[in-house]
Each structure stands twice: as structure tokens, then as C-alpha cells.
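Welcome, and take a moment to get your bearings.

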Amino acid sequence: MKLTKTLTAFTLGATMAASAAFAEGTLTYAGSGGGLAQVMKGVFDDPFTAETGIAVNALATSDRASALKAMQVAGKVTWDVTELNPIEYATASLSGWLAPLDWSVMDPNNALPDDAKLADAGIAATFSTVMAVRTDKLPEGKQMTSWADFWNVEGFPGGRALQNQPIDNLEFALIADGVAPADVYTVLATEEGQDRAFAKLDEIKPHIAVWWTAGAQPVQMLSDGEVAYTSAWNGRIAKLAAEGVPVTINWNGGGIKASYVAIVKGSENVEAGQKYISFMMTSPERAAQFASMVPYPGMVKGLYDHIPAEKGTMMPTHPNNVGDQFVTNALFWGKNLGPLKERWEDWILE
Amino acid sequence: MRDRNFLLPVFYLLVVLFLFFPILIVVPISFSNGRFLSFPPEEFGLRWYRAYFSDPVWMSATFRSLRVALGASILATFVGTLSVVGLGRRRTKTSGFLTAIFVAPAIVPNIIVALGVFIFAIRLGVSDNEFTLVCAHAAIGLPFVVLMVGSAYRQIDPTLERAARIMGAGPVRAFLTATLPPLTPAILSAGIFAFFVSFDELIISLFLMSSAETLPMRTWNDLRFEINPTIAAVSVFFVLVTTVAMSSTELLRRRAEKKNAA
Amino acid sequence: MSKRLTLLPGIALILILFLIPVGIVFQQGLFDPAFTIEHFTRFATRGAYMRIFWNTLQVSAVVALACLLIGYPIAYFIVRQPTARRPFLMFLVLVPMWMSILARTYAWMVVLGKEGIINQTLIALGIIDTPIQMLFTTGAVYVGMVQIMLPILIVTCFSSMTEIDQSLLRAARIMGASPRKAFREVFLPLSAEGAITGTLIVFILSMGFFIVPALIGGRKDTMMANVISGQVSQTNWGFAAALAIVLLAATLLILTLVRGASAKLVHHHEEAH
């Protein structure tokens, strides 16, 4: 109810802000639409318009890498700033569809760690693919604490699910097989490493009840009791637990992923775009406000000083959690997804 | 024949129950106050209906979807029925080839149509435009019209139209008076399907309409992360409103029927 | 001559909003810069994709036939009711379409799950002890898809059945034909056109469909459309285009064959009378 009220308040505020702002130009932002866009409007877009006079036209978009390619084919760019998932970022960056960013202008006070500032994108939010566990389905007195436990079907009986894609699962398999999270991509870069990951996946394959394809699926399956253990995106598991479903996140071996923001090469609004990205990323207060509504925190320093501990510990980049996870290597997957996906499709149909 | 008279109504009821099953499940969820699609719900209330009706974004998305679907369905039925007449009754190589082209949008996955129309619309400067979306949705609704109306058209006795022509009616008048009336049920059904194809379409809308959300666009991002019961409330609302409207007309009709009989 | 002119708006619509746009995507994907068959050979030589193709065909055929077997009697039932009552009976068939396909698919998860309504009921009634695996099976795909496609078949059959002159049936009965014979000899052939068209529409739509199999099917229930959208997400337009062309060609081929055969059948029947 609270969220709904806040959203309504935001929307009302937004209407007023929009009529009050006289246009200093409009910035087109390709995001995801829906409830997320409504939150962003309240936390980022409207305050940004109030401060700079630049209106933000937020778009609901999907398949953004293909959309960027379509703009190349059409010979005209219709977006200024775009949100990108890791694979989309890798594709767009390797194809040269993104404009370079000047971080000395965008982050003069070094509010952001260097990791968040890439040559052609910023890391605006993070989430993690983690292991979610229905605690009431665990054997008496046992805790599932690692991917090795997940693979241990005798010690931990119960339905299991994983996502139907090679990303994450090959990493999880190697970690279950004893590879240190830090070494995962060195191992995965070799053919033997890939064979090793698939061999380990062979072991678990008969015990996977569901290969999920949409992020809402594992949430629904945990809620229904369809499976006891599954990989899942962290954000909704925290909410599921808050709803009273006996479910916990096991951060150990989770794969942290970034949501990137970038300026599309060919945009005529580079300056306004840089201002907007800087506005979005560099204020710990605003970032905390955003993260408390949508559990995908940004990278700004001091973020967790503004978030209550019980909420913060449910987030992937919290100091308690970050060390147990690995960071999903966007460029590795950008280069290797094609052949590995093909191998995955063969493997899944076997 | 007699035993079939008893079996068929039972079979009809079972099939209607099957068709309604997902909605029956969703009704209690839509009236719950919980967050997730959990069944049976623990606490009842109007939370999700309030969320839907009090949110201007949801409301404008609903009206936009209804508008686009209505426009697309009218355009598709109009253009499609004309095409059926043009294709003629006899199956020739040309009519077969053209039918194949008219049907193709139902087969090629929408994502490919979406990409193509996006590129073409950017080149023509008509991307992010509601009218472009109406036309694109009409194109994917066209296969229904060409197939459904075409099937009815081939069944209609052409002598009536020919007779009208001989009696001196112009081709348009002959068509309107002799051929159109028996085609109406098929045109109406095809229009209904073209409407729902557009009303539920997501991918093309995401590419062509991104700054003004339609109903499926408003829901898809939420659905990626959680099952938001607002979607259940929206579905149940439309089913309830149309069912109440239709049932009351049916009741009125039956009452009138009885009166007439008496 | 003037009749041909009525084709123009349809051709214009399909040209501008389908043929040219899809042509651009195909051209971008398949000309690199000269035409390449590399993507087609990849499809033909990788076992996984051929299997997905056959699976798509099989699912579409089963769904279409199931809809025909269920939907035809329903349409027959409705058409035999008094004309004034038909709209309401038809309305009940159509009204579930207000619910988005995505939401309907999630609703089936609640119904078919291990701790779902059906399993819970069966266990409570003592019919089974352990839950049956229904979700994430091919059976679940059929149930979900038939629920979505069935109204299309019913409506198509119905609108062709309304065209059948009831006096013909009566005449057959007066001439001494048994009800069964009157149905078989008069009604069935006259309603065949609509039934075949409805079945074909369901088949065509199923060929390009993927939401239900992706969400409630098992790991082997992948459809062509699913792979195509995955390839588009990876900006791999060439392979996506090749797969779409294969899908289109196969579907249109089947469509042409079935329509040709049915035309002959109907024609043959007309001559016999």
C-alpha cells in the first residue's frame, strides 16, 4: 500500500513538475517502463527537470542491443541515454554504438569508485543472481551454504531450478566443482574449463525440475513450493521473505551484474545526457532513496550509510555480501555467448 | 439425435468452464491484499483495484490500448474484407500467392516485424507514433480477417449478387445488399480477434510506442520480476464489466421473449 | 476488373507494414554483404535446431487438432440454438480473451503446480498420495495453448455453420435420411470449409507462438519463435532471419497443401451431388 501511495504521490508531483518546467530541451531515456520507470521518475527524472530545466522523456524498451542496431541500419539515432544489461552493454560497446563519457565533468568530486566509471558507460545499478532457499524444505538442522551443497542432491533432497541459459550456470558449476570465484573466468576461457563446467552440469541436470526463462518464475515457484532451491534475482527474494514465505538468500557464489547507462553515439544531447547520468549516479542520498524502493543499489560511495542495516544486508553490494560473490564478466559473455549458447541449446535438448 | 441433445450442453458447459479456468483462479487473487499470486489468498480486500484506478499511468495505458486495438481492428476488418472480395471465390495461383502473403504476418514472430517496422518508421520519421502502431497492429490482425471472412465468402451463394446486378444494382450496391449481410458474422468475429491481437500485443508496441505505454507495456516489466496482482485486477475488471453487460441484455431479451409468448 | 482494385488497400498495408520492414531485416541478416547461406546450413546441420523445428510442428499440429475435436461440437451446439440465444453462448466463449496471455499462463502455474489446486484436490480426495508432475511438461503446454486457441476455432466454425441452410437438413430428414446420415451427408461437408480454415488458423498461430511453452513447458518444449527472439536479443539477425524464413516457408507449404486438398475434397463432394 505504501509503495502504491508513494507512486501516486510521485505521479501527481510529476504532472505538476512537468507543467512547471519550461523546456530547456528534452532528453530521451530508453529504460524498462512499468513500475521501475515510475520510481525513477520520482527519484531522478522530476528532480533533474526541476534543477536543470531539461525534460526527461522516459521510454519503455526491450531488446535494446537490437534496437541500437536498428538505428544504425536506419541511419538515425532516436535515443539519447539508454539503460543496458551486461550482454547488451558488451554488444553495444564492442560494436562501437556508444559515445565516450567524460567522467572528469560528470564526477568531479570522485563520488564514484573507478569500477563504476567505464569509458563508454556508467554502472547505475547492480543486482545479483543468487541461490534462493526455502528454509522449511531443508533437512532437519542443515543449511545450504554453497553451490556444492546445491549439487549435493542426496544431502539436500528437494526440487531444484536453474535459469535456461549458459550465463551464471557455467560459473555456478565451476564454483561447485571447487574453482575459486575469482578464477572462474580464467578457467572458463579455456576449452577444458568449458568442458569441465558442462560435465559438472551433467551431474545436476536430471535433478533440475525447471529451467526457468523469466525472472518472475523462480519467485512464483518458491512461493508455490514447486521448488525448494533455485537460482533467482536477488531483488524479489527479499520481498518474498518480507511477505512471510520462509525463504533466504545465500550470497555465497552469487553472480553480481551491472545495469549500465550510456549515451548512444550520434545523439545530439551528449551534454544533457552526461548531466543526467551524473545526476543519477553521484548522489548517495538519491541512490539510497532509489535502492530502498527498488532493491538494485548503485555504486556511489557511502550509499549504505543512508540505508537501514536490515535493508542493506539484503542487497548484493553490501559489505557483508559483496566478498562472497563474483562479478559477471560482461565482456567475456559478449564475446563468447554465441558459441556457448549454441552448445547450451544442444545440451539442454539432449 | 436425442442423446446428443443432452450431451452437447454438458460438453459446452465443461468447455466454457475450461476457458474460464484461468480467470476463476485470478478472481480471488485480484481481491486479495497480498503481494504475490498466492492461492488461496489470506486476506481479502480491494487493494489492487484501488491501485489500478487511482494510478493515472495505468488508466491512460488502458485507454490507449483500447483506442489502438479498436483502430487496428476496424482498419484490419475494412481492408481485409475488401481484400477477400478482390481475391474472389475461385482458387487460382494468384489468389493462393496473395493469401499466403496476407497470412504471413501471423507466422513471422512479432519481434522481426517489430524490428523491421521500427527501422522503416525511423527512416520515414514516424516512429514513436500511435497511428503507426495502429497500422502495424492492423497488419498482424489482417490474417484473421482474410482467412475467416474469406472462408465465409466462398460459402455464400454468388447467384444472389449476380441477380442484384442483373436487376440493375451497381457493383457496390449489389455487394452491400446481397453479399455483406451474410458476411457480417464472420466480419464481426474476425474483428473481435483482430482487437484482442492488438490489445495483448507487446513487442511491436515496445518498439513503436515507447514513450506512451499501452497496457501490456505497463505490465511486462513488472511481470519480469514479480507477478503483480494489479494485472489480475485489470483482467477481472474487464471480464466482469462485459459479462454483466452481456448477461443483463440476455436477461432482458429472455423477459421480452416470455412476454411475447404470453 | 473492379473487384481486383479492392485488393489495393490490403496490398498497400501488407507491403508497407510487413513486406518492406521484414525485407529490411532479412536483407540485413542474410546479405553480408553478399547473400550467405551460412545461417541456413547452421540450421540444417545442428541437431538441436532441427529438433526444435520438429517440436514446433508437432505441438502446432496437436494443438490444432485438439481444438478441432473440442471446438467443432461446441460450434455445432451453439448454431443449433435459437438465433436470439446464440450471441450470449458465443460471448461466453470469447470473454476469457480479456485476460492477457501472459497472465493466463501464470494462472496455469497456480493450477497445475505440485502444490497447486489440482494436486491438492486429488490428495484431499485420497485419489493420489504424492503430487503428479503436471507443470513443466508437454501436457501443460497443450492445455495452456488449447485454452488460448480454442475460441478462434469455435468462432470460425460457427460463422461458417450459420451459413448452412437449415432447410437442407430438414429436407434430408423428410427424404428419410436418419439424423446421423443427414448430419454426415449434408451438414458435415457444408461446414468443412470453416472447420478446416479454423484448424489452419490455430496451426499458423501456434507455429509462431512461444509464451506458453517457455513458461510452463519442460526443457525440451522449445519453439522456433523462442529461439528467434533469443537470437534477436543477441543481435544475431542473420540466424533469426534464416529461422523465420524456414518457419514461414514450412507453414505456408502446409497451408497450401491442406487448402489444395480440402478444395479438391469439397469440389469432389459438390460434383457427387
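How many residues does the contact take from chain C and from chain B? It takes 73 residues from chain C and 82 residues from chain B, where two residues are in contact if their C-beta atoms, placed from the backbone, lie within 7 Å. On the side of chain C that touches chain B, helix α2 (residues 7-30) of chain C gives the largest share, 12 residues. That side of chain C divides into 53 nonpolar, 15 polar and 5 charged residues. In this scheme Ala, Val, Leu, Ile, Met, Phe, Trp, Tyr, Cys and Pro count as nonpolar, Asp, Glu, Lys and Arg as charged, and the others, Gly among them, as polar.

A word on what you are looking at: this is a predicted model, in which local features need pLDDT of at least 70 and side-chain atom pairs count only at pLDDT 80 or more, while totals for chains, interfaces and linings use all residues. Residues are numbered from 1 along each chain as its sequence is written, and chains are lettered from A and ligands numbered from 1 in the order in which they are written.

Now let us turn to chain A. Its secondary structure comes to 16 helices and 9 strands; helices (H or I, at least four residues) and strands (E, at least two) are DSSP runs, numbered from the N terminus. Of the 350 residues in chain A, 55% are buried, meaning that 20 or more other C-beta atoms lie within 10 Å of the residue's own, with C-beta atoms placed from the backbone.

An automatic or database domain assignment gives chain A domain 1 (2-126 + 259-317) and domain 2 (127-257 + 323-349). The C-alpha centres of these two domains of chain A lie 29 Å apart. Where they meet, the contact takes 12 residues from domain 1 of chain A and 16 residues from domain 2 of chain A. On the domain 1 side, α4 (86-95) and β4 (122-134) of chain A each supply at least two residues, and α4(A) gives the most, with 6 residues. By class, that side of domain 1 of chain A has 10 nonpolar, 2 polar and no charged residues.

Finally, look at two strands of chain A. Strand β1 (residues 26-31) of chain A runs parallel to β2(A), and 6 bridges join them; strands pair if DSSP finds at least two bridges between them. L27(A) has V56(A) in β2(A) as its bridge partner. Strand β2 (residues 55-60) of chain A is largely enclosed by the rest of the structure, because 5 of its 6 residues are buried.

Terms used: A residue is buried if 20 or more other C-beta atoms lie within 10 Å of its own, exposed if 12 or fewer, and partly exposed in between; C-beta atoms are placed from the backbone.
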